[in-house]
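Welcome! Here is a friendly first tour for anyone opening this structure for the first time. Take a look at it, then read on.

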Amino acid sequence: MRVPIDWLREYVAVPADARGVDVAAALVKVGLEEEGIHGGDITGPLVVGRVISKEPEQQKNGKTINWCQVDVGDANGSGEPQGIVCGAHNFDAGDWVVCVLPGAVLPGGFAISARKTYGHVSAGMICAADELGLPDDGSGGIIRLTERVPGVDFTAGQDALPLLGLDRETVEINVTPDRGYCFCIRGVAREYSHSTGAAYTDPAPALVDKAPAANDSGFGVQVQDDAPVGGNIGCTRYVARVVRGIDPSAATPEWMATRLTEAGMRPISLAVDITNYVMLALGQPLHAFDVDTLTGPIVVRRARAGEKLKTLDDVERDLFPEDLLITDAGERALAIAGVMGGEDSEVSESTRNVLIEAARFDQTSIARSARRHKLATEASKRFERGVDPEVAVAAAQLAVDLLIEFGGGAADEGVTDVYSPLRRPVIELDAAQPGRLVGVPYTTEQVVSVLEQIGCAVERSGDHLRVTPPTWRPDLANWPDLAEEVARIEGYDAIPSIVPAAPGGRGLTRAQQARRIAANVLAARGFWEIWSAPFVAEKSFDQLGYAADDVRRVTVRVANPLSEEEPLIRTAVLPNVLESLRRNVSRGQRDVALFEHGLVIAGAAGQAQTFPVGTYPGPDAVRAIEDAVPDQPRHLAWAMAGETDRGGWWGQGRVADWSDAIAAALAVGDALAVPIQVRTAAVAPFHPGRCAELVLADGTVIGAAGELHPKVVTSFGLTGRPVAGELDLDALIAASSTPQAVGLSNFPIVQSDIALTVDSCVRAGEVLQTLRSAAGDDLEQIQLFDSYEGDQVGEGKKSLAFRMTFRADRTLKTEEVNSMRDGAVSAASTKHGAVLRGA
């Protein structure tokens with residue numbers, strides 16, 4: 001919300017010498033955070049000048065420029081006329097204009113200096129409105145001061161900043177969802193008064209007193225809401241006023257256009273600008289209809305199946321049954337209530353008769369419509385935060401007054417006001433409760449004073465208070481809300497800063513510790529951790545090469561996704577990691593290693609009944625909803641491209657291969673004290689010959705790693721032979737246990753090497769597992785150190801060499817070691833057909 005300080009002064013006594021920083025500081029004290037300060041950013045000489053001469057000159061490129069002599073008084077230090085080149089033509093000799101001289105800086109950091117152009121040295125500029133950040137006066141060119149600021153006697157060299165209001169400042173604040181009443185100058189002025197004690201004048205009561213009472217001769221309005229959202233009627237107040245005979249060519253007054261521009265809105269036309277001006281002033285969104293396009297009464301109702309509406313942004317929208325509509329006689333849709341109007345009834349350049357709508361719509365209904373149609377308008381922002389129902393009459397009256405004053409129209413005597421008053425809550429409050437909650441001993445008088453100051457009606461019985469919040473504060477619903485208001489108005493700086501002592505026995509959970517260990521292991525191996533939104537595109541399953549019946553294709557579609565291109569909840573983390581890998585590689589990063597851990601969907605979602613927002617459906621319904629939610633395990637995925645061992649002056653680097661992807665998984669397993677076994681497999685999206693399944697000791701498959709399939713590499717826009725992996729981190733953590741320390745043995749180890757010949761199709765990992773199981777408890781370690789295929793072992797055969805390390809609680813004898821080794825070889829022979837080479 002942008003708040004022009006001059007406008008703010010109309011409602012609250014802001015000191016004349018107060019600058020933007022002062023106003024912002026005062027608002028911060030009551031919780032309105034400063035976003036920025038605008039205006040007052042023109043520095044250097046900006047002065048009034050009188051054009052002495054204007055000599056058109058035709059250029060070789062066909063363009064005509066004007067070589068001008070301008071009297072700027074003593075502003076240039078010499079008193080001599082200033083020579084300026086100007087390309088605009090809407091002025092003549094004798095006109096009073098605005099000149100910016102060398103040394104000045106215009107909005108946007110545009111520095112002015114004397115420079116040679118078109119054969120002349122141009123010492124400054126003759127300014128147009130847009131160059132100074134002002135709304136266009138309709139001329140589309142140079143500012144002529146006699147038209148822009150009529151009735152003023154000008155002097156050459158006079159400072160033009162205050163003359164054009166360019167010394168004014170605008171404070172931009174962040175309005176949180178619970179402070180919707182601050183989406184207008186009226187609300188911000190009230191908060192400034194709370195902060196500083198400055199006198200505040202609410203503009204609404206005088207306008208309400210001036211407005212005629214509702215009568216039966218007003219424009220017809222009916223509210224027909226038979227499908228309330230969340231139990232609330234969509235429209236609780238609808239004020240309609242008609243002004244006839246306005247001049248379609250009437251221009252928006254300059255002061256109003258300036259205020260709209262300073263507040264961040266673009267002036268459009270008189271009727272539209274007035275509705276926007278009133279909204280910014282009082283917080284009540286208005287809508288203007290062309291009365292001549294209406295055939296019957298206004299009917300407020302919900303949308304019908306298949307109904308459509310072409311809105312003011314020239315988009316034809318499919319309406320939803322929950323959308324609240326403004327319709328013509330209940331048939332033709334005129335607007336999505338509180339969000340955006342339709343093209344059929346908009347105010348145009350020929351409109352002479354205008355119907356002003358000032359309504360109060362349900363917050364939930366408007367918020368849902370705005371999100372369904374992706375229309376976050378200025379009106380919807382205010383309605384979904386709560387609009388004061390009592391300000392509708394004042395807003396309509398102000399709009400009527402402005403239309404009559406500047407458009408020359410006349411108001412109909414008929415006034416329509418369809419009103420269903422909301423029940424205002426009465427909050428019981430012990431005056432000591434705010435102090436106990438905040439930690440500051442507020443007195444009863446302080447509490448009552450603050451509550452009355454913010455507009456509450458307070459009934460007091462000793463220290464017991466019955467508080468009725470004002471109509472513009474729908475956020476005040478219980479006593480903690482009131483306690484917060486007391487703390488806010490009395491000053492957050494009065495609350496002591498006491499850091500609570502951390503309770504013992506808490507910290508990271510076991511799963512959190514394990515996840516942190518896994519992340520640290522990969523980071524230590526050169527991987528960078530990333531985070532990505534847990535959504536994927538439908539095409540990602542095809543990119544990964546999943547089969548049509550692959551369970552990893554079963555997911556959940558998000559009803560309102562962050563991106564229409566990625567509407568599905570992911571079933572694996574790897575596609576997000578690969579997309580990040582592609583983005584980094586495409587931007588010149590040749591050697592990249594990334595990892596991410598996050599939640600995925602495992603299995604289909606069930607069907608659960610939905611319930612209105614704000615109602616508790618009961619424990620059985622909550623249990624059914626929870627049961628319908630699919631499992632969401634946490635996965636860990638990683639990917640590498642380019643060199644893992646970097647090359648340089650010291651020698652050649654080494655490109656990452658499938659073994660690096662598997663080694664990353666084994667390193668995580670070792671850090672969590674979980675032995676991970678690997679076995680050859682063919683799992684999408686990996687290359688069938690360069691892929692391994694990751695298996696726990698009990699045979700549970702928890703993931704896969706290896707080199708990506710060439711088709712997957714191409715589909716993701718990658719090059720080379722990147723490698724990757726993914727595992728079920730939750731399953732890995734569940735299998736982990738606290739490792740037990742083992743004492744160091746004083747007895748020596750005994751090593752025995754064996755070479756076994758097996759068929760080429762036999763997996764080395766399975767042979768190693770058989771040897772380990774059959775060798776006995778004294779086998780301390782076994783490792784594969786060689787694999788050979790060639791003429792020496794015969795066609796279709798391969799040789800696997802293992803080193804077996806034995807150690808016991810005594811010195812082992814050779815016969816014992818040989819017996820254990822032979823038993824292991826015998827088991828391998830029986831299970832895998834292994835033959836001991838050299839036997």
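What follows is a short briefing on strands, salt bridges and a pocket.

Please keep in mind that this is a predicted model. A search of the whole structure finds 60 salt bridges, and the largest pocket has a volume of about 930 Å³.

**A buried strand and its neighbours**

- Strand β31 (residues 592-599) runs antiparallel to β32, and 8 bridges join the two. To find this pairing, look for Val592, which stands opposite Ala641 in β32.
- Strand β38 (residues 723-728) also pairs with β32 in the antiparallel sense, over 6 bridges. Here Trp638 stands opposite Gly725 in β38.

- The partner strand β16 (residues 298-302) runs parallel to β13, with 4 bridges between them. Val221 has Ile298 in β16 as its bridge partner.

- As background, side chains of opposite charge can pair when their charged atoms come close.
- Arg186 and Asp388 form a salt bridge through their side chains, at 3.4 Å from N to O. Arg186 sits in helix α5 (residues 185-196) and Asp388 in the loop between α10 (378-383) and α11 (392-407), so the pair ties together parts that are 202 residues apart in sequence. Both Arg186 and Asp388 are buried.
- Asp313 and Arg317 also meet in a salt bridge, at 2.5 Å from N to O. Asp313 is partly exposed, with a relative accessible area of 32%, whereas Arg317 counts as buried at 11% relative accessibility.
- In the salt bridge between Arg690 and Glu707, the closest N and O atoms are 3.5 Å apart. This pair links distant parts of the chain, with Arg690 in strand β36 (residues 686-695) and Glu707 in strand β37 (residues 701-708), 17 residues apart. Arg690 is partly exposed at 30% relative accessibility, and Glu707 is buried with a relative accessible area of 5%.
- Arg179, Glu191, Arg473, Asp475, Glu485 and Arg488 belong to one network, joined by salt bridges that share partners.

**The largest pocket**

- The volume of the largest pocket is about 930 Å³. Its lining is made up of 41 residues, and the closest to its centre are Val272, Thr275, Asn276, His287 and Leu312.
- Two or more residues of the lining come from each of α8 (270-282), β15 (286-290), β20 (332-336), β21, β22 (354-361) and α10. Helix α8 gives the largest share, 6 residues.
- Sorted by class, the lining has 23 nonpolar, 11 polar and 7 charged residues.

Conventions:
Residues are numbered from 1 along each chain as its sequence is written. This is a predicted model: local features need pLDDT of at least 70, side-chain atom pairs count only at pLDDT 80 or more; totals for chains, interfaces and linings use all residues. Side-chain values use heavy atoms; hydrogens and water are left out. Two strands pair if DSSP finds at least two bridges between them. A salt bridge is a side-chain nitrogen of Lys or Arg within 4 Å of a carboxyl oxygen of Asp or Glu. Buried means under 20% relative accessible area, exposed over 50%, partly exposed in between (1.4 Å probe, protein chains only). On a 1 Å grid over the protein atoms alone, a cavity is a set of points where a 1.4 Å probe fits but cannot get out, and a pocket is an open set with protein on both sides within 12 Å along at least five of seven lines; lining residues have an atom within 4 Å of a point. Grid points are joined across faces, edges and corners, and a volume is the space filled by probe spheres set on the points. Ala, Val, Leu, Ile, Met, Phe, Trp, Tyr, Cys and Pro count as nonpolar, Asp, Glu, Lys and Arg as charged, and the others, Gly among them, as polar.
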